[in-house]
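Subject: Structure handover

Hello,

Here is the structure I said I would pass on. My notes on it follow below.

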Amino acid sequence: MEVKSNISLLPFNTFHIEALAKYFAEVNTIEDIAALQNESLFKENKKLILGGGSNMLLTKDFDGLVVKVSIPGIELEREDLHHYYVKVNAGVVWHQFVLWCIDKGYAGVENLSLIPGQVGAAPMQNIGAYGVELKDTCVAVEAININTGEQVKFSAADCEFGYRESVFKHRYKDEFIITTVHFRLNKEPRFNVSYGDVKATLDEMKVFDLSIKAVSDAVVKIRSSKLPDPAVLGNAGSFFKNPTVSFEKCKELIEKYPLMPNYPQPTGDVKIPAGWLIEQCGWKGKRVGNTGPHAKQALVLVNYGGATGHEIYQLAMDIKQSVLDKFGVEINPEVNLI
Ligand SMILES: Cc1cc2nc3c(=O)[nH]c(=O)nc-3n(C[C@H](O)[C@H](O)[C@H](O)COP(=O)(O)OP(=O)(O)OC[C@H]3O[C@@H](n4cnc5c(N)ncnc54)[C@H](O)[C@@H]3O)c2cc1C
């Protein structure tokens with residue numbers, strides 16, 4: 001394993017931001033990680049753990065060591081009457097894992113089709129889409145402590161998964177390299193097609209016999225029509241998380257904005273789509289220099305070409321401020337700001 005210097009991160013982030021890494025190393029095995037941890041360069045520099053770079057905004061050059069995790073491998077560990085237990089290493093591309101499951105007939109991740117990135121990053125924010133989250137199938141996460149080299153296995157409960165949240169984003173931020181994720185997949189599918197346009201798309205596709213392949217195809221169809229393809233237009237998906245407000249605050253807002261979509265939560269609080277708030281502030285499709293919120297989905301900020309990380313960061317902060325001024329609601333980035 002080679003440690004390189006002054007490497008452009010442009011090919012390694014879906015925003016297509018040009019930023020330099022002072023040092024860059026790619027790890028393909030656990031042994032590579034151990035070897036890297038023994039290097040003085042590892043100890044002396046701050047680290048950035050990199051997967052597919054689809055959930056980060058590089059706001060400046062990275063003055064430290066970027067560790068690109070590329071550990072391959074998917075393995076069926078065991079099965080019982082109702083489940084398959086599968087171990088997937090961090091470097092596997094998430095959608096390749098989903099396709100592998102569909103091919104084998106292992107159910108549970110089909111709604112998460114086409115989410116960019118790698119398996120190792122999926123627990124970080126408990127990826128979710130179309131009514132399903134990683135936490136619904138994840139049973140454990142293996143990780144290496146960056147500072148001590150200790151290998152730790154976290155149960156799903158230890159990971160404290162929440163809406164785009166986990167223990168790795170807060171208490172253990174920058175402390176672990178996730179190496180493997182363990183899943184429990186269903187032998188008997190439990191279809192979840194009630195969310196968004198999934199049911200309508202299946203009808204449109206004239207699917208009469210529901211299957212995990214059909215659900216995956218429908219999700220791929222919807223995503224491809226709604227979201228800009230990062231290979232064509234740089235972006236990192238939803239830039240902001242949907243905010244949650246108190247019931248009283250929501251009532252107050254609905255009196256003023258009767259058409260505001262809102263989703264009551266089991267806690268009594270109410271979730272509001274950040275995309276709607278941003279759109280109401282007039283941002284949808286607005287171009288600011290080389291960046292702007294996408295014309296079809298205001299929640300997605302795009303790089304029209306040549307945008308700097310700082311430029312996109314500034315736009316995000318302006319959007320955040322205008323939502324706060326108009327609605328008194330704070331929206332926060334889902335994307336990791338580096
Ligand atoms: C077009 C588009 C659509 C998207 N749609 C969705 C969606 O529907 N739902 C959703 O939840 N997300 C979505 N995302 C966001 C993104 O795909 C996910 O967050 C994904 O899990 C990021 O994976 P990655 O490998 O690219 O992570 P990266 O961007 O490389 O990293 C993200 C964070 O995880 C850390 N990290 C990465 N790998 C490891 C590791 N092995 N160990 C420890 N830390 C690590 C990084 O340091 C960083 O903080 C979308 C993104 C795009 C571009």
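**Salt bridges**

The count comes to 14 salt bridges, where a salt bridge is a side-chain nitrogen of Lys or Arg within 4 Å of a carboxyl oxygen of Asp or Glu. This is a predicted model, in which local features need pLDDT of at least 70 and side-chain atom pairs count only at pLDDT 80 or more, while totals for chains, interfaces and linings use all residues. Residues are numbered from 1 along each chain as its sequence is written, and side-chain values use heavy atoms, with hydrogens and water left out.

One of the salt bridges is between Asp-63 and Lys-22, whose closest N and O atoms are 3.8 Å apart. This pair links distant parts of the chain, 41 residues apart: Asp-63 is in strand S5 (residues 62–69) and Lys-22 in strand S2 (residues 20–27). Helices (H or I, at least four residues) and strands (E, at least two) are DSSP runs, numbered from the N terminus. Lys-22 counts as partly exposed because its relative accessibility is 32%; buried means under 20% relative accessible area, exposed over 50%, and partly exposed in between (1.4 Å probe, protein chains only).

Glu-79 and Lys-187 also meet through their side chains in a salt bridge, at 2.6 Å from N to O. Here too the pair links distant parts of the chain, 108 residues apart, with Glu-79 in strand S6 (residues 74–79) and Lys-187 in the loop between strand S12 (176–186) and helix H4 (198–204). Glu-79, at 46% relative accessibility, is partly exposed, and so is Lys-187, at 27%.

Within helix H5 (residues 212–226), Asp-217 and Lys-213 are 4 residues apart, so about one helical turn separates them. Their side chains form a salt bridge of 2.8 Å, N to O.

**A three-stranded sheet**

An open sheet of 3 strands has the order S13-S18-S17, with antiparallel pairing; two strands pair if DSSP finds at least two bridges between them. The edge strands, each pairing on one side only, are S13 (234–238) and S17 (291–293). S13 is joined to strand S18 (residues 300–303) by 3 bridges, and the two run antiparallel. Asn-235 stands opposite Val-302 in S18.

Helix H8 (residues 309–327) packs on the sheet and touches S17 and S18, its direction making about 35° with that of S17. Contact means heavy atoms within 4.5 Å. Axes are lines fitted to C-alpha atoms, for helices over the stretch in contact, and angles run from 0 to 180 degrees between N-to-C directions.

Regards
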